[in-house]
Amino acid sequence: MSVFNTILESAIHWAVWVCEAAIFTYFVSYFLLNILLLVLSFWYCRKYSQNTLAHPIDFDALSELKKLIPPVTLVVPAYNEERVISHSVRSLLSLSYSRLEVVVVNDGSKDGTLDEMIRSFSLRKSEVRPSGGLKTKPIKGIYISTVEPRVVVVDKVNGGKADAINAGINFSQSPYFIATDADSVFEPEAVSHALRLVLEDPEHVVAVGGVVRGINGSVVDAGRIRRPRLLFNFWVIIQVIEYLRSFLGGRTAWSLLNGLVIVPGAFGLFQKAAVIAAGGFATDTVTEDFELILRMHRYARENKLAWRILIAPDAICWTEMPSNRKVLSGQRKRWHEGLLQTVILHRRMLFNWRYGMVGLAALPYQVLYEAGGPLVEVLGLLLMPVLFLLGWVDDSVFAIYIGLAFFAGVVFSLAAVLIDQIYFPRYRFPRDAILLLAFSLIEDFGYRQMYLWWRLEATWNFFFGTVVWRVSERRGFATRMEG
Amino acid sequence: MALCSFVLGVGTFFLMQVRYSRNLSYGTRRLSFANLIVPPWHAKSLEQLWSSSIKEDRRAIEEVLASQSQFLHGQESVTFQRLVTGSSIFNSWLQRLQNGSTLEKVDAAGMLGYFPDPRGIQALADALRDTSPKVALSCVLSLGRTEALAAVPALIRNLPNLPKSIPDITLTAALAGCAREQPQSLEALLKSPIDRVRILGAWAISEVAGPSVLPALVEAQQDSHPEVRAKVARALARIPTSVAVEALKSLVRDPVWFVRLRALHSLGELRVPEGGAVALAALADEVREVRYRAAYALRKIQGMQIEIVAHLLRSGSKLSFDSLISEWERSGFLDSVARELPEDNGARGVRAKEFLRVLIAAGVTSTLENFVLVYPQTQVRWSLAELLLEAPQSELRGRMLGLARDPRCDSHIAKAILEAEHRELPPISLPAGLD
């Protein structure tokens, strides 16, 4: 019996040690990696914001440049966007980029999206045929505007956002296109800023992601952001911080390392030929933007192409963020399910030197810290306090754990807010800055744990339940005024 | 830990505050300098302001000078340019560009671009050879900004050695901007043994080409690099002569698709009748983009002639027809045909009707059906409905009934459609035993 007890005891000790080591390694490595990413992001943003040195394409300096720029198509998939679609298209047409075409894809809307477009832009049916060969759901009709030649509307059977973008690509006439959402508002120079990175190295740069910011609370007039302002809403401010951390504190660094795996669905500039070569947007995934970028990396590596995918931190697009827990949790669960789906789909790239930085670092980061993170973090939250109370964990180890689990996020958030305020300030100082800083301090206490729970739930649904497409409810920004 | 976070938060806010205050104070000082540097300008007071300012203020003054130089016109601009180029500020830029640190050189080069002056252009030309790519870039941008012909030789001379980090589009814009008055000054680039230089040269020429560069372009149409040939085709669009048209006609037969595409586009831009047959033939090209461009050229050269479409419908391939109709429809082709329909248009109306019959017989009806509902002129809606009802296709009949039920359909047209359908319905024969 005593032998059995001894074996059991050592087995428990061994198991505890393994868990403790795993949790500790996870948090320490996560912290160090993110610190490294932050340092790189700071460096990149600093370099990027030094105008003359950073940008060999200066539209202000050379008037001839404006004649040499290529045309760009904005592909706007629209599903039940009756309330925002015409304002959104007008806003896109008013961008400072001179060679724009807007292709709106009505993806089988059940509301009056198409009628609204027909009314607002005097559309009429047309015999225009697709010029691209991506497979999509059947096209019901093509409409061209009799008052605005830059607008084309594709009316098709519902097939999801990816299918709608593919249809838009088929009807675009430009070598570059931007995939965006109907409820997004671009800053006037956003397209020029994103395209600048392509033109600096047109042979290699095949995609550029913009930066997404929350429009909630801002004053929007005639489809333009007149005064960016934070809405005093817990969920919105928390998301703004998350976006800043993700875009300015992480993706900029991955962009520098050519390991960027996510280009936002609201603002992604792509070389059309490259996307078509890679097979277009996949219609059977939940996060089509993430999946496409991974597939483009994969395609490039397998075909020995030196493609680069970058982020333009000053190419800014404003979009409506979920302002309540229910919608936000749905969105986050969908993202997490998409993440799991996509990394499983491209598991071959994992830790595979053939896929360079993406295979060796960016994708493993997504798997270990984004997909697997919730499991380890929840295990830590449940196990570490118990072990500490049982005296099985050193005080110093527990203190480091608490520090990393609850305060590392604070450091990352503060740093991201600082990068934003120094290099690409948009929110007002001091009100918005104080709000961002204050919420950065409290984000790790409550929200982070809630987010972990959502991701765990999504993991469970993915492996044992059903993946469902959750649609966000749009309030519409067109009529929002100050106050 | 909580205290630590709080301190971090306050520290971050302090950093922001410092940054914000600095920006605010710089902006204020810049504004005050902008208020001081106003017409009528005095050289002495400008010199005094400059010499008595600290380094950061000098930067603000430079920014004010640069922004003012962009908004002044006519005599005011000349006076202001003379004031600055004759001042010690200008000399300090020249000195900094020669002897400063990399950052100082970049800034000085940037400022010299706002004030075109032979001394400045010479200094920028010399600095193109600087070992730092940032300085070279700044010099290229500034030389381009000056748009001075005197900058062209230096740019041409240094082009092969300029850093690869300077994008082609920037170099092209700089070259084109400077050579606008004398495009032939760029001809030498077309003879370079380096591909990139020839491509840049052809691209820049394509922005500014005139008859003076025609012989060089005709020679360059045989270039071994397709990019050069494509740019040559682009350039020829600016020279409306028979020699250019012949060169373009030969480039339309190029083995590389984007050269053919460019040549067709240029033929369309030139709008010469000789290009019509070439463009019509190119509608059968194997590359979709080339076919679209051929349709564009045809539209530009001959207008959207219904005979061409009818001809393609009868004898051409589906791909050619699709390319043509797609391109023309973006310019409102069917709209323009429908406009001809009313009876009072006489022969034109008859011709349009005949053409639409051919189109309907070929099954191209979706737009016309839509026109029956939404076309602004009632007479056109009537004529279209009649034409569609004449068609023998049974599936079209079904769709016409759908149109009649559409709330947007004119009640008279709807009635006519329903009546027409009833007229032609086969007599109902009841099954035996039921009568």
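Me: How many residues of chain B are in contact with chain A, and how many of chain A with chain B?

Reply: Contact means heavy atoms within 4.5 Å. In this predicted model, 53 residues of chain B are in contact with 50 residues of chain A. Local features need pLDDT of at least 70, side-chain atom pairs count only at pLDDT 80 or more, and totals for chains, interfaces and linings use all residues; side-chain values use heavy atoms, with hydrogens and water left out. Residues are numbered from 1 along each chain as its sequence is written, while chains are lettered from A and ligands numbered from 1 in the order in which they are written.

Me: How much area do chain B and chain A bury between them?

Reply: The size of an interface is often given as the accessible area lost when the parts come together. Buried area here is the accessible area (1.4 Å probe) that two parts lose on being put together, summed over both. For chain B and chain A the value is about 4400 Å², with 66% of it on carbon and sulfur atoms. On the chain B side, B:Met16, B:Ile169 and B:Arg330 lose the most area to chain A, together 17% of what that side buries.

Me: How many salt bridges and polar contacts cross the interface?

Reply: Side chains of opposite charge can pair when their charged atoms come close. The rule for a salt bridge asks for a side-chain nitrogen of Lys or Arg within 4 Å of a carboxyl oxygen of Asp or Glu. It finds 4 salt bridges across the interface of chain B and chain A. A polar contact is a pair of N or O atoms within 3.5 Å; within protein, one must be able to donate a hydrogen and the other to accept it, and residues adjacent in sequence count only if both atoms are side-chain atoms. There are 14 residue pairs in polar contact across this interface, both residues being at pLDDT 80 or more.

Me: Which element gives the largest share of the chain B side, and how do the residues of that side divide?

Reply: Helices (H or I, at least four residues) and strands (E, at least two) are DSSP runs, numbered from the N terminus. Helix α1 (residues 2-36) of chain B gives the largest share of the side that touches chain A, 12 residues. That side of chain B divides into 25 nonpolar, 16 polar and 12 charged residues. Ala, Val, Leu, Ile, Met, Phe, Trp, Tyr, Cys and Pro count as nonpolar, Asp, Glu, Lys and Arg as charged, and the others, Gly among them, as polar.

Me: Which residue forms a salt bridge with B:Arg330, and which with B:Glu329?

Reply: A:Glu101 pairs with B:Arg330, the closest N and O atoms being 3.1 Å apart. A:Arg124 pairs with B:Glu329, and there the closest N and O atoms are 3.2 Å apart. This second pair crosses between chains, from strand β3 (residues 123-126) of chain A to helix α19 (residues 318-329) of chain B. Both A:Arg124 and B:Glu329 are buried; buried means under 20% relative accessible area, exposed over 50%, partly exposed in between (1.4 Å probe, protein chains only).

Me: Where do B:Arg29 and B:Asp57 lie, and how far apart are their closest N and O atoms?

Reply: Their closest N and O atoms are 2.4 Å apart, in a salt bridge. The pair links distant parts of the chain, with B:Arg29 in helix α1 and B:Asp57 in helix α3 (residues 55-71) of chain B, 28 residues apart. B:Arg29 is partly exposed at 23% relative accessibility, whereas B:Asp57 is buried at 12%.

Me: Is strand β11 of chain A buried or exposed?

Reply: In strand β11 (residues 267-271) of chain A, 5 of the 5 residues are buried, so the strand is largely enclosed by the rest of the structure. A:Phe267, A:Leu269 and A:Gln271 are buried on one side, and A:Gly268 and A:Phe270 on the other.

Me: Which strands pair with β11(A)?

Reply: Two strands pair if DSSP finds at least two bridges between them. Strand β6 (residues 176-180) of chain A pairs with β11(A) in the antiparallel sense over 5 bridges, and A:Tyr176 stands opposite A:Gln271. Strand β8 (residues 205-214) of chain A also pairs with β11(A) in the antiparallel sense, over 3 bridges. There, A:Gly209 has A:Gly268 as its bridge partner.

Me: What does the side chain of A:Ser109 reach?

Reply: The side chain of A:Ser109 reaches the backbone nitrogen of A:Asn80 at 2.8 Å. A polar contact of 2.6 Å also joins the side chains of A:Ser109 and A:Asn106. A:Ser109 is found in the loop between β2 (100-107) and α5 (113-121) of chain A, and counts as buried at 15% relative accessibility.
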